[in-house]
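Here's a quick tour of charged pairs and a metal site. Have the model open as you read.

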Amino acid sequence: VGSMGQPLCPGTCLLLSLLSPPDAEKTPGYWNKGARRRLELALALQPPGDVADEKMGLGQIPGQCMGLSTVSAARIYKGQLAGGSGEESVLAMETFPHVALAKTYTLDRQVPDSAGTGTAYLCGVKANAKTLGLSGAAVYGKCHTTFGNEVDSVLHRARLAGKSVGIVTTTRVQHASPGAAYAHSASRGWYADTNMPKEALRDGCKDIAWQLVHNTDINVILGGGRMYMTPRWTPDPEYPEDADQNGTRKDGRDLIAEWLNAKQVGCEGRGIVPTGTGCVPLALALLSLAGCPLHPSIVEMTEKAIRILRRNPNGFFLFVEDEIDHGHHSGRAKQALMEAVMLDRAVARAGELTSPADTLTVVTADHSHVFTFGGSTPRGNSIFGLAPKKAKDKRAYTSILYGNGPGYSIRDGTRPAASLPDKDYRQQAAVPLETETHSGEDVVVLAQGPMAHLFHGVQEQHYIAHAMAYAACLEPYATEPGCRASRRASHGTQCSPQPLLALLALCMAALIVRD
Ligand SMILES: [Zn+2]
């Protein structure tokens with residue numbers, strides 16, 4: 001790449017590693033100027049003390065499974081996709097002025113899962129692994145421990161406060177991360193009644209799909225998981241020939257029809273719901289499931305959701321999740337990094353559609369992975385490339401490696417030489433496992449917008465839900481002094497059109513649109 005980023009080697013650019021960094025970077029002035037720009041940005045930050053605002057929008061964008069190493073690698077990948085060296089590239093989420101670290105352990109696990117962490121950053125309470133929307137008093141898999149231990153998410157509280165709320169995910173909408181926004185379940189695996197043990201059904205627990213429709217009045221739902229919503233054998237509208245996509249419910253209920261009926265769709269046509277004060281737009285788009293074919297992208301879904309939700313003058317809360325997790329679990333780094341780059345594009349689009357003057361946007365991850373890259377690679381090395389020197393076994397190795405997972409490849413004591421990967425290449429792992437595991441390190445939290453300065457320092461992960469609730473004057477912070485002042489002000493000025501956006505970016509996998 002030339003001095004200002006123009007590609008010198010169109011095409012794969014594998015030769016980048018042989019080129020020296022741009023000449024400008026060799027001068028102190030280059031670095032001093034850049035640092036001065038950042039210093040000016042820092043000096044312009046709102047000092048702490050700006051008041052909470054119940055009209056504000058809240059955006060929460062969790063990048064599921066997007067640890068710091070994934071963020072760094074995605075940044076380089078993004079830059080290399082654009083023809084650059086990569087390292088100097090800037091992710092949209094990296095332009096957010098406020099940063100914190102979150103400790104992701106759960107009550108029972110040093111290295112967490114998505115259900116326990118989702119309950120933390122959405123409901124504000126650390127909990128046990130594999131449980132959703134329940135305090136740590138609930139026991140995994142034990143239905144009878146559900147009752148009395150329910151904890152409500154910021155999404156639920158935002159809806160109660162009159163905001164529109166939405167969920168966007170590239171995985172099934174009943175998955176653990178979005179599930180923590182609306183469900184209370186002793187098992188993250190109780191997608192439909194079919195997936196529940198008899199004992200749990202007998203004790204009165206409801207499956208997660210049922211709760212999606214009946215717990216919280218959610219205005220926008222975009223994601224996968226259609227099969228859990230319709231009676232057994234119901235052919236999928238998109239894949240009627242594929243029996244694996246058929247409905248799975250034993251109770252015979254059609255939850256999609258129930259959702260539409262409950263919304264009394266019809267105010268100004270389909271997809272618009274009448275409320276006490278007029279029409280609140282909504283959308284339900286469920287994809288078939290499982291694999292998550294490449295339907296609408298996370299960028300398109302995020303845009304669709306914001307355009308609908310922002311019409312509510314009381315503001316909105318949107319949860320956006322991209323499934324970076326699956327690529328890592330399968331040991332396929334390219335899949336994971338492609339998702340991470342897509343998530344960043346969704347963050348950028350959300351930024352174009354909202355204003356930091358009235359919208360708090362938070363980007364974080366539920367947990368990290370045992371993903372790493374190293375090996376003294378030169379500047380501009382393909383992020384999927386080889387380290388410059390051979391290993392002690394005289395074979396090449398990729399910069400990206402996993403601590404464990406399906407990429408383990410030693411046979412008869414011999415490690416095969418690493419090859420340059422295609423999309424499905426599994427980077428080598430030190431320990432053989434069927435699926436690569438999460439890791440226990442902290443995750444980054446990036447924030448911009450009103451009260452974004454609350455996201456600072458090293459925090460427990462459940463603090464995220466509290467900071468968002470405080471910023472938006474949601475329970476239990478609805479009567480904080482700043483909120484009362486703001487409420488008086490808004491009453492004085494007829495009606496304020498300011499939305500509240502909360503974007504949280506995690507890991508997701510597929511979806512659809514039908515409104
Ligand atoms: Zn995972």
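## Charged pairs and a zinc site

Let's start with Arg-249, which pairs up with Asp-251 in a salt bridge whose closest N and O atoms sit 2.8 Å apart. A salt bridge here is a side-chain nitrogen of Lys or Arg within 4 Å of a carboxyl oxygen of Asp or Glu. Arg-249 is buried, at 1% relative accessible area, while Asp-251 comes out as partly exposed at 36%. For those words, buried is under 20% relative accessible area, exposed is over 50%, and partly exposed is in between (1.4 Å probe, protein chains only).

Before going on: this is a predicted model, where local features need pLDDT of at least 70 and side-chain atom pairs count only at pLDDT 80 or more, while totals for chains, interfaces and linings use all residues. Residues are numbered from 1 along each chain as its sequence is written, and side-chain values use heavy atoms, with hydrogens and water left out.

How many salt bridges does a search of the whole structure find? It turns up 16. Three of them are set out here:

| Pair | Closest N to O |
|---|---|
| Arg-249 and Asp-251 | 2.8 Å |
| Glu-303 and Arg-307 | 3.0 Å |

Asp-113 is in the loop between strand E2 (98-103) and helix H3 (114-123), and Arg-188 is in the loop between helix H5 (176-179) and helix H6 (198-202), so the pair ties together parts 75 residues apart in sequence. Helices (H or I, at least four residues) and strands (E, at least two) are DSSP runs, numbered from the N terminus. Asp-113 is buried, with 4% relative accessibility.

Glu-303 and Arg-307 are four residues apart in helix H9 (residues 298-309), so about one helical turn separates them. Arg-307 is partly exposed at 35%. Both belong to a salt-bridge network that also links Arg-349 and Glu-352.

Now for the metal. Which protein donors does the zinc ion have? Asp-325 gives two OD entries, and His-329 and His-438 each give NE2, at 2.0 to 2.5 Å. Donors are N, O and S atoms within 2.8 Å of the metal (3.2 Å for Na, K and Ca); water is not among the atoms, so sites may look incomplete. The donor residues follow the spacing D-x3-H-x108-H. Asp-325 and His-329 share helix H10 (residues 325-329), about one turn apart. Asp-325 is buried at 5%, and His-329 is buried at 19%.
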